[in-house]
Amino acid sequence: MTSESNEAEAWYKKPRKIIHNQKLILTFLSLLLPASFSIITLILWATFIFPETILIILTAWGITTISYLIILILRKTCKKT
């Protein structure tokens, strides 16, 4: 056997950690997928009917992005002090 196959076999036999509450996480993911498709469908429908929705979505996205960046900056500055 080559060294590559030995490394691959060692990687394959390496013990893996099981995520705590894996069934709960998978259940939430399976519930979120249809919900996200429903929300996307409603947003696209609202955008088609009311073109102003695009401006509202972009404004909300901008506010969220700026808030997230401010929180990141504050966390980094607070950790230094």
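Let's start with serine 30, whose side chain reaches the backbone oxygen of threonine 27 at 2.7 Å. That is a polar contact, meaning a pair of N or O atoms within 3.5 Å; within protein, one must be able to donate a hydrogen and the other to accept it, and residues adjacent in sequence count only if both atoms are side-chain atoms. Please keep in mind that this is a predicted model, where local features need pLDDT of at least 70, side-chain atom pairs count only at pLDDT 80 or more, and totals for chains, interfaces and linings use all residues. Residues are numbered from 1 along each chain as its sequence is written, and side-chain values use heavy atoms, with hydrogens and water left out.

Serine 30 lies in helix H2; helices here are DSSP runs (H or I, at least four residues), numbered from the N terminus. Serine 30 is partly exposed, because its relative accessible area is 44% (buried is under 20%, exposed over 50%, partly exposed in between, with a 1.4 Å probe and protein chains only). From serine 30 to alanine 10 there are 20 residues in sequence and 33 Å in space, C-alpha to C-alpha.

Now look at leucine 31, also a residue of helix H2, which covers residues 22-49. Leucine 31 counts as exposed because its relative accessibility is 55%.

Next, helix H3, where we find threonine 53. Is threonine 53 buried or exposed? Threonine 53 counts as buried, because its relative accessibility is 15%. Its side chain reaches the backbone oxygen of alanine 46 at 3.3 Å. Leaving out residues up to four places away in sequence, threonine 53 touches Ala46 and Thr47, where contact means heavy atoms within 4.5 Å.

Further along helix H3, which spans residues 52-80, sits isoleucine 73. With 54% relative accessibility, isoleucine 73 counts as exposed. Its C-alpha atom is 36 Å from that of tryptophan 45, 28 residues apart along the chain.

Finally, how confident is the predictor? The mean pLDDT (the confidence in each residue, from 0 to 100) is 85 for the protein, and 94% of its residues reach 70 or more. Confidence is lowest in helix H1, residues 3-13, at a mean of 78, and highest in H3, at 91. Where pLDDT is low, the predicted coordinates should not be read in detail.

Key
Helix = DSSP H or I, 4+ residues; strand = E, 2+ residues; numbered from the N terminus. pLDDT = per-residue confidence, 0-100.
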